[in-house]
Amino acid sequence: MKLKEYLLTAMSLIPFVFPAPSKAETPTITYSQGQYLVQAPDWSRITWDNLPPVQEPGYLSIPQNLISLFGYDPSRSWSAGQKVDSVVMLGDTDDAFKMSSLSLKSISSIAPNNNKLTLKDFGLMQWQTPASLVKSIPSLGNLSLQKVPPIAALLSRNRVLSGGNISQILRLNPEAANLPLGKLDLSKYSLNSIPGLTSTSLGKFKSWQQSYINQVPGLNQVPFDKMPQPINSGVSVVGIASVVLGTSERGDARVGNNYFISGSVIRGDKTVPTACAAGKECSYLEMGDFSGSEGTLYGKRWASGSSQQVKGGYGFLAAVNSGKEPTGRLVYGSGFKVALTGVNESSGTADFGLFFRICVRPPFMQKTCTPYFIGPVPWLGVKENGLVIVGSGQ
């Protein structure tokens with residue numbers, strides 16, 4: 001059986017259901033263009049920690065024999081109401097934000113932490129080994145065991161003699177070299193008990209990709225505009241919310257893809273506009289353009305993800321969630337997708353939500369991602385005759 005087919009049958013496929021919309025409380029700034037105003041996200045005050053919680057539960061289970069292919073285990077489960085920073089792993093959004101290039105020291109320079117942190121607070125330490133730490137921090141190999149108390153304690157529990165430097169000891173004791181530090185009570189050791197730990201970038205550590213964001217001290221407090229690769233504000237392309245149309249609307253075969261700005265995300269992380277299927281429910285937001293009827297956004301439609309599911313993901317993980325994601329756009333880059341989650345014709349309002357995905361980059365292979373199916377995370381809504389941040393779709 002081919003690997004992709006195996007994943008399709010062995011991996012958890014999660015049915016997608018929209019919850020009732022929930023109002024987001026998100027830091028904003030007022031963005032204006034001419035007579036139009038919009039409350040745009042204030043990315044200098046938005047962090048992983050203060051994103052609204054995920055509204056729907058879900059899970060992903062990777063077969064054990066495939067975890068070795070990926071190099072770590074991206075399996076997880078989450079509940080409705082759970083914080084995003086405890087659902088998203090570092091590997092999921094590294095292409096978007098380059099968080100792997102941060103170190104604990106550089107994080108603390110952006111988001112100071114006055115707590116006395118221990119190795120237990122740095123979640124990925126539990127699966128590090130003496131051998132992996134020496135690989136991550138080569139200078140450790142030249143030190144004596146007495147200079148690195150956690151490694152000394154781990155090796156002494158296995159009756160390893162302490163003659164020579166750490167590299168020499170590990171070469172003579174390969175079994176002990178691969179013991180996980182999680183066998184120790186890591187709360188007894190400060191971050192400084194491993195010299196060079198706080199100045200080493202996250203991406204140097206073994207299986208760093210499977211660490212949740214909230215397992216890295218201070219990372220969930222770093223504003224999105226202070227990431228190594230800052231978030232795209234999306235305001236390069238802004239339209240006008242002309243009118244919202246509800247669930248009585250149906251897809252029309254005469255209204256093709258070029259009438260829409262919402263759609264699928266394909267490899268290369270680009271939004272491909274996708275029309276609603278003929279005869280199927282198709283609530284949508286119709287756009288206006290500052291240039292009037294000659295503008296590129298004039299008359300374009302942003303379909304609701306509660307009406308339309310589209311093909312999503314690529315590579316092995318594209319099979320997850322039956323290969324579907326809510327229609328929407330990459331407004332702020334590939335870190336998450338923005339979907340229209342509901343419209344109210346009587347009030348002339350439209351609600352939006354963010355959706356996240358799981359990504360893996362297996363060694364010597366192309367990146368593979370699930371559809372954007374983790375969510376929705378309530379986001380900023382719009383009113384008719386207000387501005388809509390559309391972004392470039394990438």
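This report covers the domains, a cavity, a hairpin, some backbone features and the aromatic pairs of one predicted model.

## Model and domains

Residues are numbered from 1 along each chain as its sequence is written, and side-chain values use heavy atoms, with hydrogens and water left out.The chain is divided into two parts, domain 1 (26-98 + 230-389) and domain 2 (103-200). These bounds come from an automatic or database domain assignment. The C-alpha centres of domain 1 and domain 2 are 40 Å apart.

## The cavity

Rolling a probe the size of a water molecule over the atoms shows where empty space is left. Here a cavity is a set of points, on a 1 Å grid over the protein atoms alone, where a 1.4 Å probe fits but cannot get out. Lining residues have an atom within 4 Å of a point. Grid points are joined across faces, edges and corners, and a volume is the space filled by probe spheres set on the points.

The structure holds one cavity of 30 Å³ or more. The largest cavity has about 130 Å³ of space. It is lined by 14 residues, and Tyr332, Trp379, Leu380, Val382 and Ile389 are the closest to its centre. Strand S2 (36-41) and strand S18 (387-389) each supply at least two lining residues. S2 gives the largest share, three residues. Strands are DSSP runs (E, at least two residues), numbered from the N terminus.

What classes of residue line the largest cavity? The lining has twelve nonpolar, two polar and no charged residues. Ala, Val, Leu, Ile, Met, Phe, Trp, Tyr, Cys and Pro count as nonpolar; Asp, Glu, Lys and Arg count as charged; the others, Gly among them, count as polar.

Two strands pair if DSSP finds at least two bridges between them. Ile29 has Ala40 in S2 as its bridge partner. S1 and S2 form a hairpin with two residues between them. In the turn, Gly34 has a positive phi of about 65°.

## Backbone features

The peptide bond from Gly375 to Pro376 is cis, with omega near -10°. Pro376 sits in strand S16 (residues 374-378).

Asn321 and Ser322 both lie in the loop between strand S10 (309-311) and strand S11 (324-326). Asn321 has phi near 60°, a positive value in a residue other than glycine. Phi of Ser322 is also near 60°. Which of these residues is buried, and which is exposed? Asn321 is buried, at 3% relative accessible area. Ser322 is exposed, at 53%. The cut-offs are under 20% for buried, over 50% for exposed and in between for partly exposed (1.4 Å probe, protein chains only).

## Aromatic pairs

The whole structure has 16 aromatic pairs. Rings of Phe, Tyr and Trp (its six-membered ring) pair if their centres lie within 6.5 Å; planes under 30 degrees apart count as stacked, over 60 as edge-to-face and the rest as tilted. Tyr36 and Phe290 have ring centres 5.6 Å apart and planes at 70°, so this pair is edge-to-face. Tyr36 lies in S2, and Phe290 lies in the loop between strand S8 (284-288) and strand S9 (301-303), so the pair ties together parts that are 254 residues apart in sequence. Phe290 is partly exposed, at 31% relative accessibility.

One aromatic cluster is formed by Trp43, Trp48, Phe97, Phe224, Tyr332, Phe336, Phe356 and Trp379. Tyr332 and Trp379 are also among the residues closest to the centre of the largest cavity.

Technical notes: This is a predicted model: local features need pLDDT of at least 70, side-chain atom pairs count only at pLDDT 80 or more; totals for chains, interfaces and linings use all residues. On a 1 Å grid over the protein atoms alone, a cavity is a set of points where a 1.4 Å probe fits but cannot get out, and a pocket is an open set with protein on both sides within 12 Å along at least five of seven lines; lining residues have an atom within 4 Å of a point. Helices (H or I, at least four residues) and strands (E, at least two) are DSSP runs, numbered from the N terminus.
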